[in-house]
Amino acid sequence: MKNHRYCLEFFAFYDHTAIQRRVEEMAAQGWLLEKPGNFLWTYRRTEPRRLHAAVTYFPTASPFDPGPSQGELTMEEFCAQDGWRLLARWGQMQIFVSQEEDPVPIDTDPMTQVETVHRSMKRAMLPGHLVLAAVILWQLWFQLLQFRQGPVGFLASTSSLLGVPMWLLLLLATLYEIFFYFWWHRKAVRGAADGFFLPVRTNRLASALLLGGAIFLLLFSAIGSRSRLGILLGGCALYGVTILLTGRVREMMKRRGAPKMATMVVTIGLAAIFASLSVWGMVAATIRGNLWREHPPAETYEFSGHTFSVYHDPLPLTVADLTAPGDVRYSTQAEREETFLLAQTRYSQDALLGEARGAPELTYTIIEVKTPFLYPLCLASVTKEDPLFETQYRPAEAGPWGAAAAYQMYRHGEPTSWYLLLWEDRLAEVRLEDLPLTPQRMAVIGEKLRTA
């Protein structure tokens, strides 16, 4: 029989009404609160009993304090005289229980009670929530920048497309906590002036739905994608390890009586170091290997002291469709991203390095537009001029390609081997290397890309 129980609890820090009720309910079931936390609360088995719970706040307390202050100890002694026993501490919060039938209330002055809660909130929840809201707004701004820079890639990516509503739900969940607190505080001040304390009645279901919706979108965006799922699971694991290690270090320093400032600096510093190392580790693993690739390579080869991957993905258009490739070995790769709005597939056929100089190669991208009103946006994005590299698409003859319209890319005013072909529901960019165009090749390319 297990003696501990771990529960996910979604309590606002100031919602002492719901916390008191939860502690009493669990005690009646034979589980006594042992350690509260941001989400995970620990209960230990005990005899079922009817207890009264009371939550108080000590605004100057800190989770980095080496131990309770003299003021907290004095308050604990006074409460013990009235039959209240300290059950747990959580930052500025103290949770007491009493077995008395009708215990003497710990807080009797409504105005002092409201002011104590408010001072604790200004030190505990509000700064963190405001920082979180700022981070989420920055993420939304970053998403907007991504869309402006590449709307096609953004709309074809499930993670990018679902990222906007996910961050919006997280923002709403954060702002809901902030606005609800200030709404309660405003009414509580008026109530305290009239001589009564206004209980807190937060809507835990609304908070859970907003947070649950964001988590669902995050998980849904990773389904079917090995790379996204790997990044998501890796990030969650590293975050959990960081929280666990920094928490252990903080508790160790507190047990040894380390000063508050030293504990704070070491804990925050370790969190920053672990987070930086985690990010750099994931980036290095991505660059050096195939950790986050959607599918592993078919084989690898060495060239100039480096290892390169070889893929054998099927392509709708290959060099063999246009000319005899000879004995050249190729790597053929297809990368597809798709949403309900559009799909973008990048194809490439590259000769292995060091084996055949001047071998013909192909690179092309097909954009399938599923929603007609997005077609002008996709066309404008693809044909947008690049002033840095001085590239632009100019109209070309479409007949030989069998396309509705065609463009050729010019760089520094000179024509290149990049072409853009348009049909009613798709766009195709194609680049030819060492494959001179002929009417026959243009017809084959147009037919293959139109039906791919």
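Predicted model: local features only at pLDDT ≥ 70, side-chain atom pairs only at ≥ 80, totals over all residues.
Close-up 1. Helix H10 spans residues 375-382, and its buried residues are Tyr375, Cys378 and Val382. Because these buried residues fall within an arc of 65 degrees when seen down the axis of H10, they line one face of the helix.

**Close-up 2. A salt bridge between Glu338 and Lys370.** The closest N and O atoms of this pair are 2.5 Å apart, and the two residues link distant parts of the chain, with Glu338 in strand S9 (residues 330-338) and Lys370 in the loop between S11 and H10, 32 residues apart. Salt bridges that share partners join Glu338 and Lys370 with Arg336 and Glu368 into one network.

**Close-up 3. A salt bridge between Glu72 and Arg89.** The side chains meet at 3.4 Å, N to O, and connect helix H2 (residues 70-81), which holds Glu72, with strand S5 (residues 85-90), which holds Arg89. Glu72 counts as buried at 5% relative accessibility, whereas Arg89, at 30%, counts as partly exposed.

**Close-up 4. A salt bridge between Arg44 and Glu34.** The side chains meet at 3.8 Å, N to O; since Arg44 lies in strand S3 (residues 40-45) and Glu34 in strand S2 (residues 31-35), the pair ties together parts that are ten residues apart in sequence.

**Close-up 5. A nonpolar surface patch.** Tyr6, Leu8, Phe10, Phe39 and Leu40 make this patch of about 540 Å². Leu8, found in strand S1 (residues 4-8), is exposed, with a relative accessible area of 59%.

Notes
Residues numbered from 1 in each chain as written. Heavy atoms only, no water. Patch = residues over 30% accessible without salt bridge, like charges linked within 9 Å, V, L, I, M, F, W, Y side chains within 5 Å. Areas by Shrake-Rupley, 256 points an atom, 1.4 Å probe, with all protein chains shown as cover. Salt bridge = Lys/Arg side-chain N within 4 Å of Asp/Glu carboxyl O. Helix = DSSP H or I, 4+ residues; strand = E, 2+ residues; numbered from the N terminus. Buried < 20%, exposed > 50% of the residue type's maximum accessible area, 1.4 Å probe, protein only. Arc of directions from axis to C-beta.
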